[in-house]
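Thanks for taking a look at this one with me.

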Amino acid sequence: MSEKNRHSVSEELLFRYFLNEVSPDEQGIVLSWKAESEQNLEEFERVRMVLLDIKAITSIGKGVENYDASLAWKKFQQVNHARKTSGFTWLKIAASIILILGAGWFTYVSNRVETLELIVQNEQQAIELEDGSKISLNEGSQLIYPDKFKGSNRKVQLKGEAYFEVAHNPGQPFLIETDEVEVQVLGTKFNVNNTNKDSVVVSVDSGKVRMSVGGKEEILTAGYRGVYYRSTELLVKIETANTGMHNYWRTKTLAFKGATVSEAVDAIQKVYGVKVKLSNPEIANCKINVDFEDEEIEHVLEIIGETLNLVWSNQGDSYLLAGYGCPQ
């Protein structure tokens, strides 16, 4: 090998050789130089290994057929320019390229958002999302959500029923999509029930919720629920009774805090699937303060009777609460 050829095999020529960016003459120069000495062969192999690493990194997530050799070459040229002004060795250049491309790979992986799906059949299940929000899913429900929240909002999709405890983040509102209704919050606690054929019900325990559908919307706060009736496409805002009924599926607790007997009876009928009648209309407006946790219905009626001087009885397919009115 001549002295001329030895000097003509620069770092740039080696990189171009492995990127198939050389002429036939340059290819011959490189191969002759490689065969000249063990030292040249070692340097040749080191450069080859570096470029194999670069190709491996840049092909992640793209497929080998989409490997961008020109991009790798441009990055090499940028770093190579820095070498000429700062005295980098070619190994430092290669390391810099790997760091640059590696950072790109890390950014790609970090920003990639995966869509996850949770389906619960005959049980309830609770999960905590990436932002710290907690969601309890009722039986037969489905939640679709991202493994991380990117962009201007935090969006999930719900089928069925779930209770949300949303982590506060005013810069990234939390959106829940049902079949047609959208619920938007910044941070609050509420229940979404999309299990009924004709309605979607949102019940708020704390904070503020915007419920919207078909150009209509309602702002809901604690103590209110929004109901969208599919058959009439009507969205209404209703003040809720203090019964805890919307949370019974999750807590097994009925909490009558200043609720009227009428409100309590409505909750009991829905939770236990029975009919409860009142012998006297005046009983309906009597108020009670009592909590029941996973009690038998007979015990619930017994406690209400003792509290309001009422007598309960089983009427076959229904129950009866009898009395003369509210106690003085």
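**Notes on the model**

1. Helices (H or I, at least four residues) and strands (E, at least two) are DSSP runs, numbered from the N terminus. Leaving aside residues up to four places away in sequence, Thr178 touches Leu158, Val192, Asn194 and Val200, where contact means heavy atoms within 4.5 Å.

2. A word on the basis of these notes. This is a predicted model, in which local features need pLDDT of at least 70 and side-chain atom pairs count only at pLDDT 80 or more, while totals for chains, interfaces and linings use all residues. Residues are numbered from 1 along each chain as its sequence is written, and side-chain values use heavy atoms, with hydrogens and water left out.

3. For the overall picture, the protein chain has nine helices and 19 strands. Of its 328 residues, 38% count as buried. Among contacts in the protein chain with a separation of 6 or more, 45% come from residues 24 or more positions apart.

4. Six of its eight residues are buried, so H2 is mostly covered. The buried residues are Leu13, Leu14, Phe15, Arg16, Tyr17 and Phe18. Just after H2, Asn20 takes a positive phi of about 55°.

5. Two other loops also hold a positive phi. Most residues other than glycine have a negative phi. Lys252, in the loop between H7 and S15, has a phi near 55° and is partly exposed at 36% relative accessibility. Asp294 has a phi near 50° and lies in the loop between strand S17 (287-293) and helix H9 (297-308); with a relative accessible area of 54%, Asp294 is exposed.

6. How many aromatic pairs does the structure hold? There are nine. Rings of Phe, Tyr and Trp (its six-membered ring) pair if their centres lie within 6.5 Å; planes under 30 degrees apart count as stacked, over 60 as edge-to-face and the rest as tilted. Trp312 and Tyr319 make a tilted pair, 6.1 Å centre to centre with 50° between the planes. Trp312 is partly exposed at 24% relative accessibility, whereas Tyr319 is buried at 10%. Elsewhere, ring pairs join Phe149, Phe164, Phe174 and Phe190 in a cluster.

7. Please also look at two charges over rings (NZ of Lys or CZ of Arg within 6 Å of the ring centre and within 35 degrees of the ring normal). The charged end of Lys34 sits over the ring of Phe44, 4.6 Å from its centre. Arg250 lies over the face of Tyr163, at 3.7 Å from the ring centre.

8. Which elements line the largest pocket? Strands S9 (189-193), S10 (199-206), S13 (224-229) and S15 (253-260), with helices H7 (248-251) and H8 (261-272), each supply at least two residues of the lining. The largest share, five residues, comes from H8. The lining has 29 residues, of which Ser203, Arg225, Thr243, Met245 and His246 lie nearest the pocket centre.

Notes
Buried < 20%, exposed > 50% of the residue type's maximum accessible area, 1.4 Å probe, protein only. 1 Å grid on protein atoms, 1.4 Å probe; cavity = no way out; pocket = protein on both sides within 12 Å on 5 of 7 lines; lining within 4 Å.
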